Amino acid sequence: MTAARSAPSPAGAPRPGLRERKKTRTREAIRAATYGLIRQQGYEATTVEQIAERAEVSPSTVLRYFPTREDIVLTDEYDPVMAAELAARPAGEPWSDSLRHVLRKALGLGAGEEAELIRLRTRLLAEVPAVRARMLENMSDTGRMLARAIADRTGLDPDGLEVRIVSMSLVGGLMEVSRYWAEHDHEESLAELVDRALDALENGLPALRESDRESDREGDRGGHREDRREGPRKD
């Protein structure tokens, strides 16, 4: 999703141990250093060495936590939180309603003091080709997470073609929401854009639906004309 800091653990999850909390602090320090430098001098001018110096870690530590500079911008811990939230939704709830609930909750977790970071992150996604390319590479991980969630909900094979198409369509749609939001100067509500994306994935484009209905009407009229030309059948 879009938050820069670590996501909270799912409800009921055990508190992380000391070692894991230390890792979390290191990740957050690296992210904070990266975003601070990007604000000051831009993405392209920001190096791993500068990030390490500001975060007070070694360059090798930065690369151990984030294999590429782009990963610092893109990586978060929201996927497992989303998966846990999806698994906790009522079994009889429509899938689209479950998705809307989980995505709204994720947006809520990233709101408030992190709103500026979200805008910066989506702007980098829209403007920096390397960030966008890395995002495309990483989409498969989120897609597999969603495929497993769909499989758990439906009993379908998570590697089945239809499940993979649905999950990756959703991931791709959310990426385009982020780009669209940034390209339009973050003027519209991100939550409303997500709802529009889910509507489009669920129902298709209204213009295409109307075109299909018109084609059906033309087909019906053509069939009636053909029937009249043939006239009554004779035995």
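Leaving aside neighbours within four places in sequence, with which residues is Tyr43 in contact? The legends below begin with the whole model and return to this residue in a later view.

**Figure 1. Overview of the predicted model.** This is a predicted model in which local features need pLDDT of at least 70 and side-chain atom pairs count only at pLDDT 80 or more, while totals for chains, interfaces and linings use all residues. Residues are numbered from 1 along each chain as its sequence is written, and side-chain values use heavy atoms, with hydrogens and water left out. The protein has 11 helices and 0 strands; helices (H or I, at least four residues) and strands (E, at least two) are DSSP runs, numbered from the N terminus. Of its 235 residues, 38% count as buried. Here buried means under 20% relative accessible area, exposed over 50%, and partly exposed in between, with a 1.4 Å probe and protein chains only. The accessible surface comes to about 14,000 Å², and 52% of that surface belongs to carbon and sulfur atoms. These areas come from the Shrake-Rupley method with a 1.4 Å probe; for residues, only the protein chains shown count as cover. Among contacts between residues at least 6 apart in sequence, 67% join residues at least 24 apart, where contact means heavy atoms within 4.5 Å.

Figure 2. An unreviewed UniProt entry places the feature "DNA-binding region" at residues 47-66. UniProt positions are given in the numbering used here, feature names are shortened, and annotations may be inferred rather than shown by experiment. The span is 75% helix and 0% strand, and its end C-alpha atoms lie 13 Å apart. Within helix α2 (residues 48-55), the buried residues are Val48, Ile51, Ala52 and Ala55. Seen down the axis of α2, these buried residues fall within an arc of 100 degrees, so they line one face of the helix; the arc is that of the directions from the helix axis to the C-beta atoms. They pack against α1 (18-41), α3 (59-65) and α4 (69-74). On the other side of α2, Glu49 and Glu53 are exposed. Just after the helix, Glu56 takes a positive phi of about 60 degrees.

**Figure 3. Tyr43 and its contacts.** Tyr43 has its place in the loop between α1 and α2. With a relative accessible area of 6%, Tyr43 is buried. Apart from neighbours within four places in sequence, Tyr43 is in contact with Ile38, Arg69, Glu70, Val73, Leu124, Val128 and Val131. Tyr43 and Val131 stand 88 residues apart along the chain, yet a distance of 9.8 Å separates their C-alpha atoms.

**Figure 4. The largest nonpolar core.** In soluble globular proteins, nonpolar side chains tend to be buried together. A nonpolar core is a set of buried Ala, Val, Leu, Ile, Met, Phe, Trp, Tyr and Cys residues joined through side-chain atoms within 4.5 Å. Of the 33 residues in the largest such core, Tyr43, Val73, Leu124, Val131, Leu146 and Val194 touch the most other members. The elements that give two or more residues to this core are α1, α4, α5 (78-88), α6 (95-109), α7, α8 (129-154), α9 (161-183) and α10 (190-203). Helix α9 provides the largest share of this core, 6 residues.

**Figure 5. Salt bridges.** The structure holds 16 salt bridges, each defined as a side-chain nitrogen of Lys or Arg within 4 Å of a carboxyl oxygen of Asp or Glu. One of them joins the side chains of Glu116 and Arg39 (2.9 Å, N to O). This pair links distant parts of the chain, with Glu116 in helix α7 (residues 115-127) and Arg39 in helix α1, 77 residues apart. Glu116 counts as partly exposed at 35% relative accessibility, as does Arg39 at 45%. Another salt bridge brings together the side chains of Arg89 and Glu93 (2.8 Å, N to O). Is Glu93 buried or exposed? Glu93 is buried, with a relative accessible area of 17%, whereas Arg89 is partly exposed, with 21%. The side chains of Arg196 and Glu188 also meet in a salt bridge (3.2 Å, N to O). Elsewhere, salt bridges that share partners join Arg100, Arg104, Asp195, Asp199 and Glu202 into one network.
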